[in-house]
Amino acid sequence: MSQDPPRYVREVMTRPVVWVHPDASLVEAAQLMRAQGIGDVLVAGDGELLGVLTDRDITLRAVAEGIDPLAVTCHAVCTPDPVTIGPDEEVAEAAALMRRHAVGRLPVVEAGRPLGVISLGDVTEPP
């Protein structure tokens, strides 16, 4: 029985990166998510990943607290310093990181710069 060759993150990650500036309002981020049909965006400034902002973050960390989504920045509400993976790592390592940290998506980063996102669906699809 032959073993399948390893798959690498860069082969399955989603591109292009959907991101917002740290100073963008939560309304801007929510509108971008709606337009793209996604539930999260990366927060990046000067080409460097600062955090991940999900629709759940907006709901629980801002709206549920009565914070005006026009008056607060994405950087203030996002999850800072997210778990990331490099593009040359194996997909199996991405799956292990997702399990270990109980997340469904990982930003793919190289030298601090976001390149894409790998999701649970990406790691479970057959080659």
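Me: Which strand gives the largest share of the lining of the second largest pocket?

Reply: That is β5, with three residues of the lining. Bear in mind that this is a predicted model.

Me: What is the volume of the second largest pocket, and which residues lie nearest its centre?

Reply: The volume is about 270 Å³. The lining has 15 residues, and Val52, Thr79, Pro82, Val103 and Arg105 lie nearest the centre.

Me: How does that lining divide by class?

Reply: Six residues are nonpolar, four are polar and five are charged.

Me: And the largest pocket, what volume does that have?

Reply: About 320 Å³. Its lining has 20 residues, and the closest to the centre are Thr14, Val18, Ile38, Asp40 and Val117. The elements that give two or more residues to this lining are β2 (40-45), β5 (105-110) and β6 (113-119).

Me: What about the classes in the lining of the largest pocket?

Reply: There are 10 nonpolar residues, six polar and four charged.

Me: Asp40 is in β2. Is β2 mostly covered or mostly open?

Reply: Mostly covered: six of its six residues are buried.

Me: Where does β2 sit in its sheet, and what is the strand order?

Reply: The sheet is open, with four strands in the order β1-β2-β3-β4, so β2 stands between β1 and β3 by the definition of pairing used here. The pairing is mixed. The edge strands are β1 (19-20) and β4 (79-80), each of which pairs on one side only.

Me: How many bridges are there between β2 and β3, and in which sense do they pair?

Reply: Six bridges, in the antiparallel sense. Ala44 has Leu49 of β3 as its bridge partner, and Gly45 has Glu48 of β3.

Me: What happens at the turn of that hairpin?

Reply: Two residues lie between the strands β2 and β3, and Asp46 takes a positive phi near 55°.

Me: Switching to the β5 and β6 pair, how many bridges join them?

Reply: Six bridges join β5 to β6, and the two strands run antiparallel. Val108 has Gly116 of β6 as its bridge partner. This hairpin has two residues between the strands, and Ala111 takes a positive phi near 55° there.

Me: Which other residues have a positive phi without being glycine?

Reply: Asp81 is one, with phi near 50°, and Ala102 is another, at about 55°. Asp81 lies in the loop between β4 and α5, while Ala102 is found in the loop between α5 and β5. For context, most residues other than glycine have a negative phi.

Me: Are those two buried or exposed?

Reply: Asp81 counts as exposed because its relative accessibility is 69%, and exposed means over 50%. Ala102 is exposed too, with a relative accessible area of 70%.

Me: Where is the cis peptide bond?

Reply: From Arg15 to Pro16, with omega near -5°. Pro16 lies in the loop between α1 (9-12) and β1.

Me: What about Ala92, buried or exposed?

Reply: Ala92 counts as exposed, at 52% relative accessibility. The residue lies in helix α5 (residues 91-101). Its C-alpha atom is separated by 8.9 Å from that of Val9, 83 residues apart along the chain.

Me: Last topic: which residues does the UniProt domain annotation cover?

Reply: The UniProt annotation "domain: CBS", from an unreviewed entry, covers residues 13-69 and 78-127. Over residues 13-69 the chain is 32% helix and 26% strand, and the end C-alpha atoms are 30 Å apart.

Methods
Residues are numbered from 1 along each chain as its sequence is written. This is a predicted model: local features need pLDDT of at least 70, side-chain atom pairs count only at pLDDT 80 or more; totals for chains, interfaces and linings use all residues. Side-chain values use heavy atoms; hydrogens and water are left out. On a 1 Å grid over the protein atoms alone, a cavity is a set of points where a 1.4 Å probe fits but cannot get out, and a pocket is an open set with protein on both sides within 12 Å along at least five of seven lines; lining residues have an atom within 4 Å of a point. Grid points are joined across faces, edges and corners, and a volume is the space filled by probe spheres set on the points. Ala, Val, Leu, Ile, Met, Phe, Trp, Tyr, Cys and Pro count as nonpolar, Asp, Glu, Lys and Arg as charged, and the others, Gly among them, as polar. Buried means under 20% relative accessible area, exposed over 50%, partly exposed in between (1.4 Å probe, protein chains only). UniProt positions are given in the numbering used here, feature names are shortened, and annotations may be inferred rather than shown by experiment.
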